[in-house]
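Here is a short report for a reader meeting this protein for the first time. Look at the sequence and the model, then read on.

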Amino acid sequence: MENHYTRPSNYSENSSRELFDTVEFLEQELNFKITICVINAFLSFTALFGNAAILLTFWKTSSLHSAKNILLASLAVSDLAVGVLQPFEIANTISRIYAFHYAVAMLGPFLTIASFLTVTAIAVDRLLSLQLHLRYHAAVTPFRMTWLAIIIWVSAGIFTSTKHWIARLSQVAISVTINSLLIANFLVYLKIYLVVRRHQRQIQHMQQPQEANNENILSLKRFKKSAMNTFLIFILLLFCHMPSSFIVYLAFTGVTISRNVFATGFTLIFLNSSLNPLLYCWRDREIRTAVKQLFCR
């Protein structure tokens, strides 16, 4: 008895459609990878050049050797390292070799925690400058700031190294640390706002010569500009890091996240490292002038 197998009439049509959809998907995937790699290559160059220029300016300009600029230099080192990390992310996107993935997975959280700790230290430094007044320069010295920067990097390394032993606990610790730093920054800037508001009211009710009153007003304006500069650094960090943190949280809870979404989140982090040097030059006239004098010369 013979078995006759008859193919459905639409078999050839369905096969062609599936093949076409597969080819179209692979083409879109390739185009996305090329676009992401080109963007990351450009951001790598701008991060390396911009942060190297900031660090060179700090080193060459003696007037910038202050306590607060040590923390900015530490943040620039972190951004410079992100620029060095970007070629590994590009190689990971193209080849999917485990060594590149491992480098990004280890160095990414390390640099993220170091950046958040540094930005938090910068906010606390501005609060101390407001509260200590004339005692600020005696209490906050370049030597102490240098040690604080070292402690920040060591702490970030300790947090990241836990991934070697307890990966799940490490993810929880990193998430809790970043959220705690976000809350700490919010509280610090809220405190700065309340103190500045109180000082403004005191100046308005002061019964003293106009010259002294103008001096207090000018000093308060300078501090408000400095505090706003650090606040913008924090906002930029928050804007660029939160999408990737949310993506990692979803992946940690079991939600399936595509590689394209991960790549987009990392690209936003790389963008932060490229924009920070521009922010320093835009908001700080002293840094902007020093950069011009160094490179125009």
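## Basis of the model

This is a predicted model, where local features need pLDDT of at least 70, side-chain atom pairs count only at pLDDT 80 or more, and totals for chains, interfaces and linings use all residues. Residues are numbered from 1 along each chain as its sequence is written, and side-chain values use heavy atoms, with hydrogens and water left out.

## Overall fold

The protein has nine helices and zero strands. Helices (H or I, at least four residues) and strands (E, at least two) are DSSP runs, numbered from the N terminus. From that end on, the elements run α-α-α-α-α-α-α-α-α.

The protein has 297 residues, and 38% of them count as buried. Buried means under 20% relative accessible area, exposed means over 50%, and partly exposed lies in between, with a 1.4 Å probe and protein chains only.

Helix 2 covers residues 67–95. Its 29 residues should span 42 Å at 1.5 Å a residue, and its end C-alpha atoms are 43 Å apart, which agrees. The expected span is 1.5 Å times one less than the number of residues. Helix 2 bends by about 30° at Leu-85, and the proline Pro-87 follows within four residues. The bend at a residue is the angle between axes fitted to the seven residues ending there and the seven starting there.

Helix 8 covers residues 259–283. It has 25 residues and reaches 36 Å from its first C-alpha to its last, close to the 36 Å expected. Helix 8 also has a kink of about 30°, at Leu-275.

## Contacts along the chain

Start with helix 1, residues 11–60, which holds Ile-34. Ile-34 counts as partly exposed, at 46% relative accessibility. Ile-34 and Thr-93 are 59 residues apart in sequence, and their C-alpha atoms are 9.2 Å apart in space. Leu-43 is also in helix 1. It counts as buried, at 8% relative accessibility.

Helix 3 is the place of Ala-103. Ala-103 is buried, with a relative accessible area of 16%. The C-alpha atoms of Ala-103 and Glu-89 are separated by 8.5 Å, and the two are 14 residues apart along the chain. Val-119 is found in helix 3 too. Its relative accessible area is 2%, so Val-119 is buried. Val-119 and Phe-234 are 115 residues apart in sequence, yet 6.3 Å apart in space, C-alpha to C-alpha.

## A closed cavity

The structure holds one cavity of 30 Å³ or more. On a 1 Å grid over the protein atoms alone, a cavity is a set of points where a 1.4 Å probe fits but cannot get out; a pocket is an open set with protein on both sides within 12 Å along at least five of seven lines; lining residues have an atom within 4 Å of a point. About 50 Å³ of space lies in the largest cavity. Grid points are joined across faces, edges and corners, and a volume is the space filled by probe spheres set on the points.

Which helices each supply at least two residues of the lining of the largest cavity? They are helix 2, helix 3 (98–132), helix 7 (210–252) and helix 8. The lining residues include Asp-79, Ser-115, His-241 and Asn-272. The lining divides into four nonpolar, six polar and one charged. Ala, Val, Leu, Ile, Met, Phe, Trp, Tyr, Cys and Pro count as nonpolar, Asp, Glu, Lys and Arg as charged, and the others, Gly among them, as polar.

Helix 7 gives the largest share, five residues. The lining of this pocket divides into nine nonpolar, eight polar and three charged.

## Cysteines

A disulfide is a covalent bond between the sulfur atoms of two cysteines. Here it is taken as a pair of cysteine sulfur atoms within 2.5 Å. By this rule the count is zero disulfides. Cys-37 is buried, with a relative accessible area of 12%, whereas Cys-296 is exposed, at 67%.
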